[in-house]
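I opened the model to look up a few residues and their surroundings. My notes follow in the order in which I made them.

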Amino acid sequence: MPAGTAPPVASVGTLESMTARPRPWTHVTLWLGVVAVVAGVVVAATAPSSPASFGWYAYAPLSGSAFVAGRTPWQLWTGVGLAVVGAVAAAFASGRLSVRPPR
């Protein structure tokens, strides 16, 4: 090769050959985690609040359920759990995507 000329294009690596692409399941895990966080927040936010501890006692036989102080609705625990699992999955996937591939 004469001096001052560029090497042939075939010997220069392309961008795809120099960097490792993250696996597609990492992106899927990231988006599923984000969706799970949003769904968990929605479920927890729409959970029924505990009934009032005063008044309306005359209609208790018609309600079909008894008031027990200190009980938390299952929707609240489900929503919080779903949001936590989604946050962990999204953190795992974003950490995996942010790591620089080895050279």
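I looked up Val 42 and found it in helix H2; helices here are DSSP runs of H or I with at least four residues, strands are runs of E with at least two, and both are numbered from the N terminus. This is a predicted model, in which local features need pLDDT of at least 70 and side-chain atom pairs count only at pLDDT 80 or more, while totals for chains, interfaces and linings use all residues. Residues are numbered from 1 along each chain as its sequence is written, and side-chain values use heavy atoms, with hydrogens and water left out.

I noted Val 42 as partly exposed because its relative accessibility is 47% (buried is under 20% relative accessible area, exposed over 50%, partly exposed in between, with a 1.4 Å probe and protein chains only). Val 42 also belongs to a nonpolar surface patch of about 390 Å², together with Trp 31, Val 34 and Val 38. Patch members have over 30% relative accessible area and no salt bridge; nonpolar side chains (Val, Leu, Ile, Met, Phe, Trp, Tyr) are joined within 5 Å, like charges within 9 Å. A salt bridge is a side-chain nitrogen of Lys or Arg within 4 Å of a carboxyl oxygen of Asp or Glu.

Next I turned to Thr 26, which sits in helix H2, residues 24-45. I put Thr 26 down as buried, because its relative accessibility is 1%. Which residues does Thr 26 contact, leaving aside its neighbours within four places in sequence? I listed Ala 93, Arg 96 and Leu 97, where contact means heavy atoms within 4.5 Å. The side chains of Thr 26 and Arg 96 also form a polar contact of 3.2 Å. Such a contact is a pair of N or O atoms within 3.5 Å; within protein, one must be able to donate a hydrogen and the other to accept it, and residues adjacent in sequence count only if both atoms are side-chain atoms. I read 8.1 Å between the C-alpha atoms of Thr 26 and Ser 94, which are 68 residues apart along the chain.

Ala 87 is in helix H4, residues 74-98. I recorded Ala 87 as partly exposed, at 38% relative accessibility. Its C-alpha atom is 9.2 Å from that of Leu 30, 57 residues away along the chain.

I then searched for aromatic pairs and found 1. The ring centres of Trp 25 and Phe 92 are 6.5 Å apart and the planes are at 25 degrees, so I logged the pair as stacked. The pair links distant parts of the chain, with Trp 25 in helix H2 and Phe 92 in helix H4, 67 residues apart. For pairing, centres must lie within 6.5 Å (the six-membered ring for Trp); planes under 30 degrees apart count as stacked, over 60 as edge-to-face and the rest as tilted. Trp 25 is partly exposed at 39%, and Phe 92 is partly exposed at 49%.

Last, I checked the whole chain, which has 4 helices and 0 strands. Buried residues are 11% of its 103 residues.

Methods:
Areas by Shrake-Rupley, 256 points an atom, 1.4 Å probe, with all protein chains shown as cover.
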